[in-house]
Amino acid sequence: MSLPVPTSDALAASHALQQQIAAEIAAHDGAISFSRYMELALYAPALGYYSGGSAKLGKDGDFTTAPELTPLFGAALAHAAAAIIAQTAPHILEFGAGTGQLAFDVLSEMALLGIRIERYVIVELSGELRGRQQDKLRDFPQVEWLDALPESFTGVVLGNEVLDAMPVELVIRHPEGWQELKVTVRDGRFDYLPVPASAAVLAQIARQIPEHDSLPVGYVTEVHSVACAFMATLSQMLTRGRGGAAMLFDYGFPGHEYYFFQRATGTLMCHYRHHAHPDPFYYPGLQDITAHVDFTAMALAAQDAGAEVLGYLNQAGFLIAAGASELLLRTDPADSLRYLPQARALQKLLSPAEMGELFKVLLIGHGVSLPETLLAQDRSHRL
């Protein structure tokens with residue numbers, strides 16, 4: 001691979017994390033689950049990708065998200081959220097708030113709508129990102145930070161590209177059945193070690209993968225136990241409240257599309273300095289590691305925990321229904337210096353060839369209903 005060379009400080013941090021991971025492997029009979037490896041690579045205190053101090057987002061980071069492209073994304077979310085807030089309470093919770101740009105845009109649009117948000121709660125695991133959020137949102141005194149989801153919540157929950165960063169188990173179809181791809185150390189480097197799948201992983205495979213016994217030998221994919229557990233916790237938080245909904249944006253597929261025969265190497269992908277590549281063992285702690293989201297599994301986990309699946313839309317349908325195109329026209333098309341960059345950014349969010357189709361929105365909730373404009377775009381029948 002031809003990737004940018006890390007700085008000496010970054011290499012030292014990655015080396016320290018590699019030693020920590022290797023020590024845990026040695027303490028567990030020479031192998032740990034890929035899910036545990038991914039958890040350490042992303043979230044190990046002070047050294048993991050999200051818990052360390054490097055920039056993640058923007059031109060100096062590793063990837064760019066929808067809120068970083070245009071404030072129209074957050075403004076459209078505010079209009080959709082307003083319909084839920086009218087049924088519940090003026091409270092918003094955002095999980096994994098990035099640079100704080102989405103919160104800034106949502107709060108700014110809410111103010112234009114004449115809606116005062118009493119509480120905007122951010123659950124953030126990254127110290128570096130929390131610092132950026134606090135600077136970005138210093139003029140919004142209603143913003144507060146938590147380290148974990150509260151027991152109950154009433155209002156709107158936002159999650160943009162949260163589920164894709166949750167650890168996954170890697171599994172491979174073997175002639176004698178499914179195996180887990182664990183992580184070991186071989187010749188001084190991290191490597192995969194196939195072992196028979198545990199009962200818990202086999203149960204997740206049976207729950208998550210349609211026709212799992214008919215997939216070809218050598219087929220590699222992911223199962224999402226951690227994300228399913230998160231969905232259960234999120235659902236319980238909403239059902240304990242007095243009404244609310246979660247809007248979860250991410251890239252992925254329903255289960256019957258996720259496990260195509262042709263997708264035989266899975267969806268695991270890494271991002272380093274705006275370069276995408278498939279090697280999760282490249283300088284752990286310095287790169288993002290993600291997998292596409294199985295939205296069917298997420299919806300089932302939410303339902304099992306007592307929440308209702310309110311809707312499932314592609315991102316283009318959601319943003320159009322939320323009025324993104326009309327919001328763009330608040331900028332005079334004759335003012336090309338301001339209008340054209342916003343129009344190009346919105347086109348990227350809406351285009352089927354860009355983010356409009358690959359990115360989906362799963363809406364779950366309790367005690368609320370969606371506006372007709374969103375329901376008209378619903379694709380829940382495809383889950």
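Predicted model: local features only at pLDDT ≥ 70, side-chain atom pairs only at ≥ 80, totals over all residues.
Helix α6 spans residues 127–136, and its buried residues are Glu128, Leu129, Arg130 and Gln133.

**Around helix α6**

- In soluble globular proteins, nonpolar side chains tend to be buried together.
- Here the largest nonpolar core counts 52 residues, and Tyr120 and Phe318 have the most contacts inside it.
- Helix α4 (residues 71–85) supplies the largest share of this core, with eleven residues.
- Leaving aside residues up to four places away in sequence, Phe318 touches Leu77, Ala80, Met247, Phe249, Leu313, Val361, Leu363 and Leu374.
- Another core, of 39 residues, lies apart from the largest one; Ile21, Ile25, Leu170 and Ile205 are among its members.

**A three-stranded sheet**
- Strands β11, β10 and β12 make an open sheet in the order β11-β10-β12, with antiparallel pairing.
- At the edges sit β11 (275–277) and β12 (288–290), each pairing on one side only.
- From one strand to the next, the twist averages 25°.
- Strand β10 (residues 269–272) is joined to β11 by three bridges, and the two run antiparallel.
- If you want a spot to look at here, Cys270 stands opposite His277 in β11.

Notes
Residues numbered from 1 in each chain as written. Heavy atoms only, no water. Pairing = 2+ DSSP bridges. Helix = DSSP H or I, 4+ residues; strand = E, 2+ residues; numbered from the N terminus. Axes fitted to C-alpha atoms, helices over the stretch in contact; angles between N-to-C directions. Buried < 20%, exposed > 50% of the residue type's maximum accessible area, 1.4 Å probe, protein only. Core = buried A, V, L, I, M, F, W, Y, C linked by side-chain atoms within 4.5 Å. Contact = heavy atoms within 4.5 Å.
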